[in-house]
Structures are given as C-alpha cells and as structure tokens.
Amino acid sequence: MIPIYLKMEGFLTFKKPTEIHFDEFTDDGLFLVSGPTGSGKTSIFDAISFALYGVATTSQRSPNDLRSHLIGPDDDFNVEFRFRAGTHEYCVRRWQKGQRGAKQILVVDDREDEALTKITDIRQKLFDVLGLTADQFCKIVMLPQGEFRNFLAASSKDKSDILRKLFDTDHYALIREKIRQKLAAIRREVDRAHHLIETEKRISPRASQAADPDEIRQILQEDWKEAKAACETFRSSLDLYRSQLDVLSLRLEEGTRINKQLIQADELQQKIEIARNQEQSYQADLEMARQINRIRPLTVLQKSLVSNRLTLTRRHQDEEDLARNLETAEAALITAQSDYAQNPQRQSRLKELTLELERIQEQLTRLIQCQQAKTVYNQAASQLMALTAQLQSLQQWAGARQTLTEEREKLAGEEVRYLTEVSRGKEDYQTLRRQLEHRITWQKLKQSLADFSAETQICQEKIVPSTREGQENRRRLEQLREEFERQGLGQFVHHLKDDQPCPLCGSKDHPTPFRVHSAVTQSQIRAQEQLVRQLERDLDQTESRLALLLKQTQEKSAELAELEETMDPSSREGSVAEGKAQLELLVSQIRTSQSKLEQTQDRLRQNQRDRERADQEIQALGDVQTRFDAQKEQATSLKARLDDLYHQTAGLDEALLQSRAAGLKREDASLSQAIQHAEQTRHTSAEAVARLKASAESMKEEILRLDGEAGQLETQLNEGLEKLDLSREEFLALEAKLDQEDILRQGAEGFFRKLANDQSNLELMRRQLEGKVRSDLTDLQNQINDLKARETALGHENNAAIRRESALDNALIKLESALSDYKHYREKLDVAVRLDTTTGKGTTFENYVLGYYLDGVLINANERLKKMTSGRFTLLRQSQDSGGKSRIEGLDLNVFDAYSNSQRDVKTLSGGEGFKASLALALGLSDFIQEKNAGIRLDTIFIDEGFGTLDHESLDSAMETILELQGLGRLVGIISHVEELKERIPIQIVVENRREEGSVIKVVKL
C-alpha cells in the first residue's frame, strides 16, 4: 500500500478541510511529521486508520470520539483517503452530515458506477487488498506511541492475547477444545452403552451373574425361547375354556330374553287399562281446542279496534299541543314586525356614519404621507453625509499611489537576490546529502560484511558439535524406548508356570525368564524427546541462520561493489559526523535565506494588494462625485415636499382621529347587526305560524278518519259474535285461552295415538309368546361363573408369560443396539485418548503455535537489533523458570547482553535501549508477516515517537535502520518533535494547533 492523498474535515483537532498529498514524498521515501505535543500529529495517522477500518490507531479512542469537539452539531465530519495497491488505485471515504447517520464509500480506479457502500463489503474488499486486519495494520504499518515498548515488557498472557489477534490463532484453541469435547462425548456414549447392558441383564437372574456382553446375550436368548413355549401352552387351554363359555352363554341369553318379553307384556296390559280411564278427560280437551279455533278471526278484529282507539286518544292530545304552539308563534310574529318597522331609521343613521368615517380617513391619510416624506428626507440626508466622507477618503488614496510604486521596485530587487541564494543553497544541499548518503551506506555495508563474516564463522563452528550432540541424544532416546518396551514383558513373568505354555511364545519350557535390570519411566522418555527436539530446533535454526548469512553476505558484497562503481572516491573520505555538520550548517543558511525570501514575498504581495486598492479607489472617485451631486439635488426636492405637507396637517391630532373613527365603526357594526336581526326574526316567525296552521288542519282530518274506522270495526265484531252465538264475556274468556289451543289439541291427539300403538304392540307380543313360560336360569349362571373364574386364573398366568416373553424380546433388542454401540465407541475412545494426550500435555496447543510465530518475529527482530546495538543485544524467549517447569504461556522475553555474556529481563533495558528493542520488534513483526503471507507487500510504514529517549549515537543507529527501509523502496513516515530529526529529514509536515481554529499543516521541503 502506497498512500497518495488524505483529506480531513471535522476530525479530532482538524476543524477545517485539510489535505495532504503523500505522492509528493514518494520519490524521497522519507518524511517527518513534526509539531508541539498535542498539535495533532498522531491525528493524521488516526485518520488513515479510520478511513480504512473505521477505528483509530489506539484502543483509547472509540469511533464516536473522533468527531472534532471544535465543530457544531450541524457541521460536517469527513475523512477521505486515496492509496495505491498493486496496479489499482483505491479511494475510501467516510463522512457524516450533522447529526445524520454516518456513510461510507469505496471506489476502485475511479469507477463510480461500481462503488461499494455497505460496511461489510468495504471491510472485506480492503482485507482482500491489504491482507491485514485493523489490529495487524495498527501494529505493523503504523507503530503507535509506546505500543511495542509495552509489548516488550508485557506478561506472557498479555503477549498471548496480542499475538492471538495478530495471527488469528483462535481456531487452534477451538481444535483443542473440540478434541476435549469429542473425547467427553465418546466416553459418555461408552458409559451409556455399558449402563444399558448392565440394566437389561437384570431381567434374567442367570444373566445378572454374567459379565461378558456376548454371554449375557446368549443367556437372554435361551430365556426368551422358554418363555415363548410357555405362552403357546397357555393359549391352547384358554381357547378350550372360551368355546365352552360361548355355548352356555347362548342358552342363558335366550332364556333371559323370553322372561323379559313376558314381563313387558304384563306391564303393557296394565298401562292400557289406566289409559282407558283417562279417555273422557282428553275428549274434553279436544273439544275446547276446536272452540278456541273458531274465534281466531274475531280476535284479529278485537286487536285492530283496541289499537285504533289508542291512536285516536294520542291524536287528540297532539291537537291540543299544536293549538298552544300556534298561539305562542303568533305573539312572536307581532313582536318581530314591530322591531322590523324601525329599520328605515337605522339605515338613515348608517349613511351619516359612512360620510363621517370617509372624512376622518382622508385626514389620517395626509398625516401618514407627512411621516413617510420625513423618513425619506432623513435617509437622503444620511446618504449625502456618507458620500461626503467617501469623497474625502478617495482623494487620500490618490496621493498614496506614487509611494507604493517606489516601494515595489525596491522589494522586487531584494526578492531576486534571496531567490538566487536559496536556489544555490538547495543545489549544494542535494550534492552534499548525496555524498553523505553514499558514505553512510558504504560504511554500513563494510560493517555488515564484517558482522556477517564473524557470525558465519560462529555458526560454522557450532554446527559440527551440535550435529554430534543431536545424534548421541537420538541414540540415547532409541535405547530408552527399547528398554521401556522390554519392561512391558515383565508383567508376563509372574504368570509363567512349569509345563504351562508361555502366553507370548507358547513354549512350555522357560529356561531364562526376562529380568528387569533398571526401571525406565515415561517421564524420562518424554524428557529425552524434548531434549532431542530442542537440539534439532537449535541445529535447524543455526543452519537456517548460516544459509541466510551466506546469502546476505553475497547480496551485500554485490551491493558494495555496485556502490563503489557509482560513488565519487572522495565520498569515502572524512567521517559521517563532519558531513552531517556541514549539512546542518548548510540547512541553517538555507533556512535563513528562505525566511528572508518569504518575508520579502509577503511584503511584495501586500504592496500589490495596496496598489490594486489605490487604483480601484481612484477609478471610483468620479462615480462617487456624480452620485454626490444627484443625492444633493434629491435632498433639496424632498425638503420642499415635506414643508408643504407640514402646512396641510397643522392642527390635526392623529390619536384623536383614530379614537373617533373606532367609535363610529363600532356604532356602524351595531346598527347593521340590528337591521339584519330584525329581518331574520320577522321571516322566521311568519314561517313558524304558517307551518303550525297547516299541521293543525292535517291533524283534524286524521282524527275524523280514525273515528270512522273505529265505528266500522265495532260493527264487524258484534256481527261475528252473533253468528257464533257468543256473548262478549264468553268471547273474552276464550280469547284468554288462545295460546293453549295447540297444547290441548296436541296432548289429546298424542294420547289417542299412544293408546292405539300400545294395543297393537300387545296383540303382537301375545302372538309371539304363545306357548312359552318363564324359566329358572340359576344353575346355568353358576356353571358360566365357574368357567369364567377358571378362564381368568389361566389368563393371568398367560399374561405373565407374555409379559416375560415381551420383556426378554425388548431386552434383547436394546442389548444388541447397546452392544454394537459399545464396541463402536470403544474403538473411537482409544483414538480420542491418544489425540487428547498429544494436544493436552505441557503448553496449550494454541500457545505452542503462538510460540512458533514469536520465534519467527524474533529472528527478524534480532537482525535489526544487532545492527542498531552493534551486536550487543539479542532477544530470546524464556524457556523455563527456576523450578524447571514451563511458564504458563511460554512467551516471556529476555535479552542477551554480549557485553556481560548473560541474559536478563527486558524490563531492565534503559529508555534508549528499550526504544531500539521495541523498534526492532515492530520491524521484525512487519518482516515476518510479509514472509508468512507472500501476497502482502508493506510498502509504507509510520513510526510514532520514541526518538526523544535516544542519545546522538543511538539516534544515528536508528536513522540508519530507517534509511535502510527507505532504500528497500518503502515510504517511511516519522512522527516526532525532536529537533535533531528536523535537521536530518528534509521533507516535513509541520502541524500547528491554533486553538479555536483547530490544527493546520504546512509542508516544508529543505
């Protein structure tokens, strides 16, 4: 990844839009971000991390904390980052408008139509391109303040947590956990199958005594066959008893049926005799129902007559109410007509009020015109005064124009002189810097070759004895394993008996039984295996290091030869310190000339602005004079108009006129409302009187109609009663029983139908039972009860035999399944136990992998550290504590000090030493991840602070390491406020915090 462009707005300390063009630094490969503490230097790299991953470089800042406290709630928050990776160019932007939801977009090669806007799609695409997670990016591309120094001295557990995130090794812990879970599950299955076998064998006393599962199955099969034979015997006996019961039960049912029919015939005869005694009562009920049916038409007339009389009574009451309402409406009409007669007088008064209001309104209009004219005159007078002051100012600019022209000629000469000094100084700087870089690189290559030669000799001297020692310990391990296997034969010695075959060879002759001379334990074998593996790892590391040293020696020699061909021979002479001193002196001179040049250019720009202002003011002088004359004439005219209006409105009081007009308007509104109310009241009252008179006439006609209908109904009812020869009292009595007609008729008809049916059934039963008599069934019932008792007893024995057979059958089925599972899972259990033993001893499986990764990081880190410390320090993993046991995580670090030829804790390093170790560790991690993931190329690295703890010599070493990174084609950015770095790094981004305005940047190129 190579950064191209970064834009920040409303981000942390950057309030206003701020842009950085990184492509201007790519050719140099090194730039410095400097500024006071708290100015916002780290915020630049927080913005890059936020654009790519939505998080800051440190966990102390959450995404919500990145919005600047200097902007308002409605201001914009925006970060845009453009970078190149491979052959493609990517632009990612994250922004928020006011308090709306945050948005994001990723565009590849400026193809807007294929842009990604979803967070998950952007995250996956950037991971595919960069090959790094946010944690990895912030650890190996951006080296934050104090992160690796904290990692260096962190506990083994904390290192484990950090490495786990960087290398994503959670799946190794999952593998170990899945093995444990699988082992526990298999053991549960084995225990379940064994428990089921033990449970099912309890059904048989003989099987309960057996232990072998196959023997248990054979016993249960024999018991099941015996139970099945017993069931067949019981079933034959039960069939015989049931056939005898069927014959006797048929005889009993026939006798019982005949006895029951004879009893039913006697009971039916008694019911018929009782019904004949009730026959006359039901005949009377039937006659009463017929009479009620005859008067039904008359009941309809009676109901209509009653309804007519009730309606007539209500209509008489309504007629009286209408008469009273009509009298009230007529009185209201007289009152309304009297009030309406006064309307002509009211309308005459309205005309007088209208004329008076028009006169007052005309006087008010003249007063308003007078006030408006006064306002316009005052505005014109003010404008006239402003134009007078402007004329005076313009006349002063005309005199200053000549002075500004003379000053510009003088400043232009100074600018040319300073430009020449700066240009010449930069050319000298580039030449001297190139010579110094050649000198540093040449001396560094010479020193590297010397270091490689010495370390190569050490590695070659170590390989031969290490190989010999490894072979000897491998032979010792094989001897221990053979001895341990032979020890296993000792368990058979105690079982050997004369004339009995040996369990191993089968021989009955045992002349020389095996004897155990010395006990070999598994712990001894494991210790020897660990020693052999450690020796092999050490030998592999030594051989790998030797191959790497030979390769690096060849590369450095070629690089040195190429450099000597191109560099000036004079560049080899003199010390690096003298060259740096000359370079610093030249930089100081360039800065002085640059500062004077910038001051002169600022004065020239200000002079140009002043001259342009003077030209504009002189040009505007004629226009202002014209406007002044016109404004003066207008003010004179407005003054004359104002005096005329003052004369016309003399003696008028605006407040008194407004009050008089308001009173007249209220009186006008009151009279208009009274006229309208009188007209509406007269019209409403007249309509009410007419409506009530019409209703009264209609009511009289309806009363006459209802009275005639009542007479007709009375006549029809009397004629009907005469035809039926009934008096009014008899009719009313029958009418009261009208709802009982159906009950009386249905009861009587049902009685006669039931009597006829019973008589018919009795005759039929007598014909069927002719010649039959009652039988005594007691003996037959006793025989049946005796057979049922014997059948029940035999049935209980048969059920017990069936349950026994079924239980044995179910037990055999479950036993077969359990036995199959038991054998299946026993085989899996052996494999699972071996896996658990392999991955569960010593350190955890995941931390073993983490230890491998840390070893790879340390190999790369030590190459850097040895160069920065002239071979003094080497970082090592602590393998054991004082008790000889492995540490909890096995990731603790020591540092080997060549000066004292001893190891010590990394926490004992001084500030400058700790910085070198942490920088080497960070660069080693970066190198290792590139080696591990061949598709990742880290073309850029940013280093945040730590240089303030270094002395001059250590700073030189650190700068050589950084220049080496630059020489490998990487873009290196350093964040620091150390003054000496400002003198060594020509390209600088200077950050300044201007409080309420936020942070601003300025790019300086020396």
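## Burial and the model

Buried means under 20% relative accessible area, exposed means over 50%, and partly exposed lies in between, with a 1.4 Å probe and protein chains only. Asparagine 798 is buried, because its relative accessible area is 7%. Of the 1006 residues of the chain, 36% count as buried.

This is a predicted model, where local features need pLDDT of at least 70 and side-chain atom pairs count only at pLDDT 80 or more, while totals for chains, interfaces and linings use all residues. Residues are numbered from 1 along each chain as its sequence is written, and side-chain values use heavy atoms, with hydrogens and water left out.

## The chain overall

The chain has 22 helices and 14 strands. Both are DSSP runs, numbered from the N terminus: helices are H or I with at least four residues, and strands are E with at least two. Take the contacts between residues at least 6 apart in sequence; 76% of them join residues at least 24 apart. Contact means heavy atoms within 4.5 Å.

Five strands form an open sheet with antiparallel pairing, in the order 2-1-4-5-6. Two strands pair if DSSP finds at least two bridges between them. Strand 2 (18-21) and strand 6 (103-108) stand at the edges. Each has a single partner strand, so one side of each is left without a neighbour in the sheet. The twist averages 10° from one strand to the next. Axes here are lines fitted to C-alpha atoms, for helices over the stretch in contact, and angles run from 0 to 180 degrees between N-to-C directions.

Strand 4 (residues 76-85) and strand 5 (residues 88-97) run antiparallel and are joined by 10 bridges. Aspartate 76 stands opposite lysine 97 in strand 5. Helix 1 (residues 41-53) packs on this sheet. Helix 1 touches strand 1 (2-9), strand 2, strand 4 and strand 5, and its direction makes about 80° with that of strand 4. Helix 2 (residues 119-130) lies across strand 4, strand 5 and strand 6, and runs at about 40° to strand 6.

How many of the 13 residues of helix 1 are buried? The count is 12, so the helix is mostly covered. Among them are Ile44, Phe45, Ile48 and Leu52. Helix 1 reaches 19 Å from its first C-alpha to its last, close to the 18 Å expected at 1.5 Å a residue. The expected span is 1.5 Å times one less than the number of residues. Just after helix 1, glycine 54 takes a positive phi of about 80°.

A nonpolar core is a set of buried Ala, Val, Leu, Ile, Met, Phe, Trp, Tyr and Cys residues joined through side-chain atoms within 4.5 Å. The largest has 78 residues, and Leu6 and Leu52 touch the most other members. Not counting residues up to four places away in sequence, leucine 52 touches Met1, Phe81, Phe83, Val92, Arg94, Leu126, Leu130 and Phe137. A second, separate core has 14 residues, including Ile295, Leu301, Leu713 and Leu721.

## Helix 14

Helix 14 (residues 576-648) has 73 residues. From first C-alpha to last it reaches 101 Å, close to the 108 Å expected at 1.5 Å a residue. A kink of about 35° is centred on leucine 621. The bend at a residue is the angle between axes fitted to the seven residues ending there and the seven starting there.

Asparagine 798 has its place in helix 18 (residues 778-840). Leaving aside neighbours within four places in sequence, asparagine 798 is in contact with Cys231, Phe234, Arg235 and Leu238.

Isoleucine 203 lies in the loop between helix 6 (170-200) and helix 7 (205-208). This residue is partly exposed, with a relative accessible area of 25%. Isoleucine 203 and leucine 808 are 605 residues apart in sequence, yet 7.3 Å apart in space, C-alpha to C-alpha. Beyond its neighbours within four places in sequence, isoleucine 203 is in contact with Leu220, Arg804, Ala807, Leu808 and Ala811.

Three strands form an open antiparallel sheet in the order 8-9-10. Strand 8 (873-877) and strand 10 are the edge strands, and each pairs on one side only. Five bridges join strand 8 to strand 9. Phenylalanine 873 stands opposite aspartate 897 in strand 9.

Four bridges join strand 9 (residues 893-897) to strand 10 (residues 902-905). Valine 895 has arginine 904 as its bridge partner in strand 10. The hairpin of these strands has four residues between them, and asparagine 901 there takes a positive phi near 55°.
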